[in-house]
Amino acid sequence: MSDIPASSNSTAPAMVVFTPSLAPRLDSESLVNTRLVKGLQKTGMEIEVFSRRCGATPKARNAPPDQQGPRYHMPLPRLRSLLRALIGSENAQAAKYIVEHAWGVRLAAAAARRVPAGKCDIVLSFGGFCHIAALKYAGASGIPIVANWNDPFPGFAAPPPYGGGPNTPLPWCYRRLLARIGRAAAWHVFPCERLRGYMLRFLPEAAATRSSVIPHIASPVPAQRGHAGGRAFSLTHAGGLLPYRRVDVFFEGLAAFLAGRSCSRDLRVVFIGPQGPELREAARRYRADGVCQFLPEMEPEKCMRHLADSDGLLVIEAQMTESIFLPTKFVEYAQTRKPILAVVPRHGTIADLMHNYGGGVVADCHSPAEVAAGLETLCSSRQSVASGRCGRLDSLFTEEAVVAQYSAIFRRVSSKSQAISRAVRSEVS
């Protein structure tokens, strides 16, 4: 493998990326980060990716973008359960930080050997602990850092039921990392406005004026079939649900919807993903299992074909006071241009987007009656479903739109590289 050429010998900007996960892994973090890297490669950027979890075989740098793999893979063993058992939950958080910090330092050293600082124009880092690697790598030369926050960090401070919420006391080591990356990064990127507002409670004030909201990139959508006359309306959910998302509200609403119709064969609800037996039992408790089908997890391409062939799509969120997430599945759903039944908190990212751009029906995740009404709306609107008129959501998540926004940020921070360099060096020293 050859190193990225020095920027003085090439007109293409050179970038180092630190990410916790990358293809061919199939977790959400891997999917959205891999799509962004591939999209940036298409603009001509020379990119080296350093990842914790990937499993891919590195390819030649001049290979086509869809064949390029991560350059460096440094796994980190999962120690959380063991640490909690041995030293308790609070001490485990500090111990986890020590392990992650050591990993970040090693990853930065590996990046420096592979891509000398003089050959890198910009650093893109995903997630809290990857920011450690970015700070260590960029510190010697002041390379501009763009810090991406796909999820709340640290995870134990995420909103309930996922974490303790924004008032969770943070150990000193986490506060210090957030302060350092908040001040040193040339720019911060969040996938939605509500996550940006949530994280700005933890980041220093300076980060607010150097931040943007740029959503995830959706995957390509396969050819779609139209609704066939006489076929049951198919509503599909993809991905895991339990334990955080309460499915009883949906199934109670589904049962109420079925009770008000003369023929239950007008609807088929498909769940793709894990926990099939548990979901089937929940549906049975509400006598709604007769219209449900439970399929196992499948590769993204196959899953997208199922979504594209469905008449409508279902998303269920946890019962939060405010949802600050932009789920990857919702981005995928929007790209199909099929109507969405969103069983979500009234105050949240999905509700915001659908109120502003259309795309389907929003039902309060605490209200079975709203779920039943949403099902009635979708099933009685087959003509609009067949014609694909379901709002402008899909235009937000195209590769062209997202990459253009990132490219604008890279140009902006590069023009301020001297000031950025001083800030980064002061944070690392």
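**Exercise 1. Find which element gives the most to the lining of the largest cavity, and describe that lining.**

Start with the ground rules: this is a predicted model, where local features need pLDDT of at least 70, side-chain atom pairs count only at pLDDT 80 or more, and totals for chains, interfaces and linings use all residues. Residues are numbered from 1 along each chain as its sequence is written, and side-chain values use heavy atoms, with hydrogens and water left out.

Step 1: A cavity is a set of points on a 1 Å grid over the protein atoms alone where a 1.4 Å probe fits but cannot get out, and its lining residues have an atom within 4 Å of a point. Points are joined across faces, edges and corners, and the volume is the space filled by probe spheres set on them.

Step 2: count. There are two cavities of 30 Å³ or more, and the largest holds about 80 Å³.

Step 3: The largest cavity has 15 lining residues, with L36, N148, N150, H216 and Y406 nearest its centre. Two or more residues come from each of α1 (28-42), β6 (187-190) and α14 (399-414). Helices (H or I, at least four residues) and strands (E, at least two) are DSSP runs, numbered from the N terminus.

Step 4: sort by class. The lining has 11 nonpolar, four polar and no charged residues. Here Ala, Val, Leu, Ile, Met, Phe, Trp, Tyr, Cys and Pro count as nonpolar, Asp, Glu, Lys and Arg as charged, and the others, Gly among them, as polar.

**Exercise 2. Work out how far α1 reaches and how much of α1 is buried.**

Step 1: check the span. With 15 residues, α1 reaches 22 Å from its first C-alpha to its last, close to the 21 Å expected; the expected span is 1.5 Å times one less than the number of residues.

Step 2: check burial (under 20% relative accessible area with a 1.4 Å probe, protein chains only; over 50% is exposed, and in between is partly exposed). In α1, 12 of the 15 residues are buried, so the rest of the structure largely encloses this helix. Among them are E29, R35 and L36.

Step 3: step off the end. Just after α1, G44 takes a positive phi of about 105°.

**Exercise 3. Classify the ring pairs of F129 with F153 and with Y174.**

Step 1: set the rule. Rings of Phe, Tyr and Trp (its six-membered ring) pair if their centres lie within 6.5 Å; planes under 30 degrees apart are stacked, over 60 edge-to-face, the rest tilted. That gives 17 aromatic pairs.

Step 2: take F153. Its ring centre is 5.1 Å from that of F129 and the planes are at 90°, so this pair is edge-to-face. F129 is in helix α4 (residues 128-139) and F153 in the loop between β5 (145-148) and α5 (172-184), 24 residues apart.

Step 3: take Y174. The centres of F129 and Y174 are 6.2 Å apart with planes at 70°, so the pair is edge-to-face. Y174 is in helix α5, 45 residues from F129, and both are buried.

Step 4: zoom out. Ring pairs link Y97, F129, W149, F153, F156 and Y174 into a cluster.

**Exercise 4. Find the strands that bridges join to β8 (residues 233-238).**

Step 1: go to β9 (residues 267-272), parallel to β8 and joined by six bridges; H237 partners F271 there. Strands pair if DSSP finds at least two bridges between them.

Step 2: go to β11 (residues 312-316), also parallel, with two bridges; L235 partners G312.

Technical notes. On a 1 Å grid over the protein atoms alone, a cavity is a set of points where a 1.4 Å probe fits but cannot get out, and a pocket is an open set with protein on both sides within 12 Å along at least five of seven lines; lining residues have an atom within 4 Å of a point.
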